[in-house]
Amino acid sequence: MSADVPLEEPARRLTGTGGARDSDVWVRSLPPWDGYFAVVWAVTLAVVLGAAEPSWPVRLTAAAIVALNLPWYVLVGRPAMLDDSGAEGPARRYVVGALLLFLPTAMLVGETQLVTFALAPQCFMLLRLWVLGGMGAVPFVGWTLLWHPTAGEAAFRLLLAVATFAFSAFLGRWTMRIIAQSRERAALIAELEAGREEIARLSTAHGALAERERMAREIHDTLAQGFTSLLMLSQAVESELEHDLPRARRHVALMTRTARENLAEARALVAGGSPADLAGNSPADALHRLTDRHTAQTGAPAPLTVTGGVRPLPTAYEVVVLRACQEALANTRKHAGPSVPVAVVLTYASDALTLSVRDEGCGFDPRAPREGYGLDGIRARAEEAGGGATVRSEPGAGTSVTVTLPLPPAAPATGGAQHP
């Protein structure tokens, strides 16, 4: 907290920005102040009763009035310090009452000014610094007019009043700074808690969005493509029923197989497991099943070639390779034509795994606006696994989709496996 806290600003409450947390903090920190006030009042009573003058009845009267500060503080002052409603009425009422108890006794018995050490912090906690001026000047003037002291005694009392005022002002100023710091910290804590709640909310929303995107990719790459294949096969069967019944029967059997595979993919998706094609199979075996299925559905050749030192891969890499190949083959059937040949190459290098799917179709302009989710889904999957995907195509020159995933360095295998 900086030293330039405005003195005009009320410091009437010991709570922070409100709430149980702030109140609990001050309830824990106020008892030491209670003890300090009690000690000051007790010492003042002892000094007043033990003073040499004025007379005993006057000192006893002053002590009795000073003692009233204790119930007044307990009943009015302390609740005002803990009040976080923003009302100045309770604070003002307590300070006025405390001054009415203090000023007459300070005029009767000069030693009563010791109670300033308790009242000054309270004034700072509740109202403003200007109250201290009256607490120091009025008792001295009243005492001088009432008792007509000698010049030496008046000078001593004046010096005592100035010292008391200076110390009280310092203590009160320090108290107000502590209160201001506590309020700022309470506000900062509230902001941090609000920020933490907002971060948790955004994190939950981001997690939900990421899960929706993941499910969208999975549905697009499995169920949607399976339904597309079923639709294509059903159209083929409809045109073959009249003139090529054996071929239609083969396509119906293929439809049944595709439906079973789609059902297996749906169950794996619901269970959150790995894709059905990867269950108990290596990536090369899963890709081999994909290319065989593509050939069975379209009649076009789709040879798979695996090169390099084959080695175990993280499950995430296997899923990326499988889904990327699925999407590339689906795009070939949809855009290049069902009879276009496709070449699939899976390469195990020392530091990377590369999948390439190349068709000899009509191609397209990659810079042109396009609809669909497939190519973006391939890129997103590759980037999530720390790799990348590129699409190269030109009108009339075919299309090539390449996915590259980084691999930790490993000694190359002695030979490569070929899957024609």
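With which residue does R358 form a salt bridge? The partner is E360, and the closest N and O atoms of the two are 3.8 Å apart, where a salt bridge is a side-chain nitrogen of Lys or Arg within 4 Å of a carboxyl oxygen of Asp or Glu. R358 is partly exposed at 29% relative accessible area, whereas E360 counts as exposed at 51%; buried means under 20% relative accessible area, exposed over 50%, and partly exposed in between, with a 1.4 Å probe and protein chains only.

This is a predicted model, in which local features need pLDDT of at least 70 and side-chain atom pairs count only at pLDDT 80 or more, while totals for chains, interfaces and linings use all residues. Residues are numbered from 1 along each chain as its sequence is written, and side-chain values use heavy atoms, with hydrogens and water left out.

The structure holds four salt bridges, one of which joins D34 to R78 with the closest N and O atoms 2.8 Å apart. This pair links distant parts of the chain, since D34 lies in helix α1 (residues 20-50) and R78 in helix α3 (residues 69-82), 44 residues apart; helices are DSSP runs of H or I with at least four residues, numbered from the N terminus. D34 is buried at 19%, and R78 is partly exposed at 23%.

R379 and D376 also meet in a salt bridge, at 3.7 Å from N to O, and both lie in helix α11 (residues 374-384), three residues apart, or about one turn of the helix.

As for the cysteines, the count of disulfides (pairs of cysteine sulfur atoms within 2.5 Å) is zero. C325 is buried at 0%, while C362 is partly exposed at 43%.

Technical notes
Helices (H or I, at least four residues) and strands (E, at least two) are DSSP runs, numbered from the N terminus.
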